[in-house]
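My entries follow the structure.

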Amino acid sequence: MHSKAARPALDLVVVGSVGLDTIATPAERRRDVLGGSASYACAAAARMARVGMVGVVGRDFPARAVARFRALGIDLQGVQRAEGRTFRWSGVYARDMNRRRTLETALNVFADFAPELPPAYRAAPFLFLANIAPALQLRVLDQVRAPRFVAADTMDLWIRTARPALRRVIGRIDLLLVNDAELRQLTHAPALIEGARRLLDWGPRGVVVKKGEHGCALVTRRTVVLLPAFPVAAVRDPTGAGDAFAGGFMGWLARAGGSAPDAVRRALLYGTVAASFAVESFGLDRLCEIRRRDLAARARRLLGMVRV
Ligand code: AMP
């Protein structure tokens, strides 16, 4: 049995991108918005669990962004500062904000990044490999000591350019989170549930398929669980919705300390509501405003909406 003193210092470790995004929606364009997959995931998870971030920023990373992470209670020991420029991404949304085009991805300091987990991170029971080069995800997997539950995310760029490494990642995790387009690109399956089942053959126990405003599906060998998205009044910027989903999902699991099928099922609800807050503002603004009770209240409202 673990004594209280032996409890790991962190519940959840997240590795992923930390960067500055330039985002154009049909209504607005913003430059250098604090973003990145790890930023969104950590911000969403930090409301529920003690989270450590693994990533790299450049010399130009603003002090106010660091202050933002600290205010959320995110542990930053795992974030290196390197010579060079911070990761930058820019994208433009169509009038239908489920569709987006990447204009530019500048890996900058991520191009030469070799994650080194601080000792306190290696024993964390939950690990989320947010969207970043699969080689980096593998490097983190090699450094952790038997985590209880590992989930990963990815994107079209890595499916196209790093498929063998991505396949190794998928073979070593408990759960993969992908959006519908990525699932099609990965498996060439004509239908989503069929594609998710094909991915189960690669190793994970579960696959979560995110379908933007149309909700999500959790597919395991035994079950399919479907949940609609929370209907927000106005979507301002969908960037980071998938990462916030994953952060809410993993944050809730880490808080509950569980990885049993019922806990994983429940975590879908918290992923869904975290994503709904993320899209209500540019960047992390809305995720920084909310409290755990806001997530819980929205989760209850969503449950009320799906009761038939
Ligand atoms: P999402 O909208 O959930 O797909 O996530 C958008 C976030 O992913 C943005 O904040 C970007 O900074 C980040 N991002 C975009 N491209 C990449 C990439 N190639 N590797 C890592 N992160 C990325």
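I began with Asp21 and listed its contacts (heavy atoms within 4.5 Å), which, leaving aside neighbours within four places in sequence, are Arg30, Arg31, Asp32, Val33, Gly35, Gly36, Tyr40, Trp89 and Thr239. I noted that the model is predicted, so that local features need pLDDT of at least 70 and side-chain atom pairs count only at pLDDT 80 or more, while totals for chains, interfaces and linings use all residues. Residues are numbered from 1 along each chain as its sequence is written, and side-chain values use heavy atoms, with hydrogens and water left out.

I placed Asp21 in strand β2, residues 19-24 (strands are DSSP runs of E, at least two residues, and helices runs of H or I, at least four, numbered from the N terminus). Asp21 is buried but has no salt bridge, and the nearest side chain of opposite charge, Arg100, is 7.6 Å away. Here buried means under 20% relative accessible area and exposed over 50%, with a 1.4 Å probe and protein chains only; a salt bridge needs a side-chain nitrogen of Lys or Arg within 4 Å of a carboxyl oxygen of Asp or Glu.

I then checked the ligand, where Asp21 is among the residues that come nearest, with Ser17, Gly36, Gly240 and Asp243. The side chain of Ser17 has an N or O atom 2.7 Å from a ligand nitrogen, and that of Asp243 has one 2.6 Å from a ligand oxygen.

Last, I looked at helix α2 (residues 63-71), in which Ala65, Val66 and Phe69 are buried. The buried residues of α2 fall within an arc of 100° seen down its axis, so they line one face, the arc being that of the directions from the helix axis to the C-beta atoms.

How values were computed:
Lys and Arg count as positive and Asp and Glu as negative; His and the chain ends are not counted. A residue is near a molecule or strand if one of its heavy atoms lies within 4 Å of it. A polar contact is a pair of N or O atoms within 3.5 Å; within protein, one must be able to donate a hydrogen and the other to accept it, and residues adjacent in sequence count only if both atoms are side-chain atoms.
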